[in-house]
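Subject: Structure handover

Hi,

Here is the structure I said I would pass on. Please open it next to this email as you read.

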Amino acid sequence: MTVEDTTRVGAAAGAAGVGGSRAVGVLGTVGPVTVWLLTRTVTMLCVLRIIVTPGSDVTPDVSVTYQGWYDVLRAGTFPQSDVTWQYPPAAAFAILSPALLPFLGYATAFFTLCLLCDALVFGLLLRTGLRPGRSTRGAWVWVAGVAVLGPTVYARYDVMVTAVAVCALLVGLRRPQLLGALAGFGALLKVWPVLLLIGTPRGRATRLSWSAAVATALALLAMVSAVLPGALDFLTAQRDRGTEVESLGALVFHVARHLGWDGAVMFSYGSVEFRGPYVPLVSALALVLSVTAFGWLLVWRLKAATFTASTLCDAAFTAVLLFTVTSRVISPQYMVWLVGLAAVCLLLRSSPMTLPAVLVVAASAVTVLEFPLLFSHVTASDWLGVTLLVVRNGLLVAATLTACGRLWRATVPGPRTRQEAADTAGSGDGAQEDESRLLGS
C-alpha cells in the first residue's frame with residue numbers, strides 16, 4: 001500500500017468517526033427535545049386552563065397574588081402591608097418581568113417567561129451534556145423532573161431562580177467571579193442560591209467567587225433600597241409562621257389530629273399551616289435541625305481535601321437538600337430547585353449523586369399527587385394524604401442522607417489516606433483544571 005493509499009484510508013476512517021459522532025449527537029438530541037416539547041406543551045395548556053386538571057388550581061398565585069404585587073411595585077414600594085410578601089428585594093424583578101411582554105396579559109406573560117427559563121435550562125444542560133466526557137443524563141433529569149411536577153412549575157417564579165443557579169454552576173468552574181455574581185443575584189431573588197458557593201475550591205476560586213457574591217448582593221440591595229422602600233422587610237416577615245402542612249415536622253400533627261390534638265389547619269402567610277399547641281415547639285426544632293445542617297456543612301468544608309470538577313455541583317445539591325428537608329416549609333415549588341441542581345450534577349459522569357437525583361425525581365412525582373391533585377386529603381390528614389407525605393418526605397430524607405454520605409466519602413479522606421491526598425493534591429488540581437475546561441468551555 002502506498003503512502004497515498006494510507007492517507008486515503010486514514011481520511012475515510014476520520015470522516016466515518018466524525019459522521020458517527022454527529023449521528024450519536026443527533027440521536028442524543030432528538031429524544032430529549034421531543035419529550036421536552038411534548039411535556040411543556042401540556043404544562044402550558046394546563047396553566048392557561050385549556051386543560052383543566054383535578055385538584056387545586058395553582059394559577060391564582062400568579063393571576064391574583066403576583067399581579068397584585070405587580071401593581072404595588074409599579075407604584076413605587078414593596079408590598080409592606082401584605083404578610084404573604086416574604087421574599088428578598090430582587091424578587092421584584094421576577095414579579096415585574098411580565099412587563100417585558102406588554103402585548104400579553106399578566107398571567108400569560110408570566111407563564112411564557114417561565115417557559116423560556118425552562119427552555120434556557122434545558123438547552124444549557126443538553127448542550128453541555130453532548131460534549132466529550134459529559135452525559136445527557138442531566139438534561140433527562142430536568143425534562144422528567146419538571147414534567148412530573150406539573151403546572152406548579154410555571155405558576156411560581158422558582159423556575160426563574162433555578163435558571164440563575166444552573167447558569168452559575170455551569171460557568172462556575174472556569175469563571176469564579178461570574179459564579180459569585182450570579183449566586184449573589186440569586187440570593188437576593190430567593191436566598192437559597194447563596195448555597196451554591198459552599199463547594200468552591202479553596203484558594204483563589206473561593207476568594208473571587210465569595211467576594212463577587214458579596215459585592216453583587218450589596219450593590220443590588222443598595223440600588224433596590226434606593227428606589228423601593230421596605231427592601232429588608234423580608235428578614236422578619238416569616239417570624240410568626242407556623243408549620244406548613246407539607247413539611248417534615250407537620251407529620252407529627254397529621255398523626256396527632258387522629259389522637260385528639262386540638263390544633264387547626266389554616267391559610268396563613270401564603271400557605272396552609274398548622275396552628276395550635278406544640279406548633280411553636282416543632283417549628284423551633286426545625287430551626288435547630290437547620291442549624292445542625294449548617295454545622296455539618298461547615299465541618300465538611302473544613303475537612304474536605306479533594307475538590308474535583310463535580311464537587312461544586314455536588315456540594316450545592318447536598319446543601320440545598322439539607323435546608324429543604326429541615327425547613328418548616330416544604331412547598332411543592334422547592335422541588336424545582338432540587339431537580340435543577342440534580343440535573344447539573346448528573347452532567348458529570350464522575351458525580352456520585354446519581355441515586356440522590358433519582359430519589360428527588362421520584363419525590364417530585366409524589367409531590368404532584370399531594371399538591372395539587374390530592375391536596376384536600378393532605379389538609380384533612382386522612383390516610384391517603386398522610387401516606388403521600390410520608391412517601392414524599394421519606395424520599396427527600398433518603399436523598400439527603402445519601403447525598404451527604406457520598407459527598408463526604410468523595411471529598412474527605414480517611415485517616416489512612418490523608419497523606420496520600422496531600423501527596424496527590426498537585427496532580428488533582430491539574431485534573432480538575434482539565435475537567436473545568438470541558439464543562440465551562
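Below is what I found in it, topic by topic.

One caution before the details: this is a predicted model.

**Core**

The largest nonpolar core has 127 residues. Those with the most contacts inside it are F110, L125, W142, Y157, M160 and L196. Helix α4 (residues 106-129) gives this core its largest share, 12 residues.

Sequence neighbours within four places aside, F110 is in contact with V62, Y66, A94, P98, Y154, A155, R156, Y157 and M160.

As background, nonpolar side chains tend to be buried together in soluble globular proteins.

**Salt bridges**

The count is six salt bridges.

- R40 and D118: the side chains meet at 2.6 Å, N to O. This pair links distant parts of the chain, with R40 in helix α1 and D118 in helix α4, 78 residues apart. Both R40 and D118 are buried.
- D61 and R156: the side chains meet at 3.5 Å, N to O. D61 is in helix α2, and R156 is in the loop between α5 (137-149) and α6 (158-172), 95 residues apart. R156 counts as buried, at 7%. R156 is also among the contacts of F110.
- K190 and D158: the side chains meet at 2.7 Å, N to O. K190 lies in helix α7 (residues 176-190) and D158 in helix α6, so the pair ties together parts 32 residues apart in sequence. Both K190 and D158 are buried.

The general idea is simple: side chains of opposite charge can pair when their charged atoms come close.

Helix α11 (residues 279-303) has 25 residues. From first C-alpha to last, α11 reaches 36 Å, close to the 36 Å expected at 1.5 Å a residue. The buried residues of α11 are V279, V282, S283, A286, S290, A293, L297, W300 and R301. What covers them includes α8 (204-227), β1 (243-244), α10 (250-256), β3 (271-275), α12 and α16 (383-411). When reading that list, recall that an α-helix has 3.6 residues a turn, so residues three or four places apart point the same way.

Helix α12 (residues 311-325) has 15 residues and should span 21 Å at 1.5 Å a residue. Its end C-alpha atoms are 21 Å apart, which agrees. α12 is mostly covered, with 14 of its 15 residues buried.

**Surface**

V42, L48, I50 and I51 make a nonpolar surface patch of about 330 Å². I51 is found in the loop between α1 (3-47) and α2 (60-74). I51 counts as partly exposed because its relative accessibility is 34%.

Best wishes

Methods: Residues numbered from 1 in each chain as written. Predicted model: local features only at pLDDT ≥ 70, side-chain atom pairs only at ≥ 80, totals over all residues. Heavy atoms only, no water. Core = buried A, V, L, I, M, F, W, Y, C linked by side-chain atoms within 4.5 Å. Buried < 20%, exposed > 50% of the residue type's maximum accessible area, 1.4 Å probe, protein only. Helix = DSSP H or I, 4+ residues; strand = E, 2+ residues; numbered from the N terminus. Contact = heavy atoms within 4.5 Å. Expected span 1.5 Å × (residues − 1). Patch = residues over 30% accessible without salt bridge, like charges linked within 9 Å, V, L, I, M, F, W, Y side chains within 5 Å. Areas by Shrake-Rupley, 256 points an atom, 1.4 Å probe, with all protein chains shown as cover. Salt bridge = Lys/Arg side-chain N within 4 Å of Asp/Glu carboxyl O.
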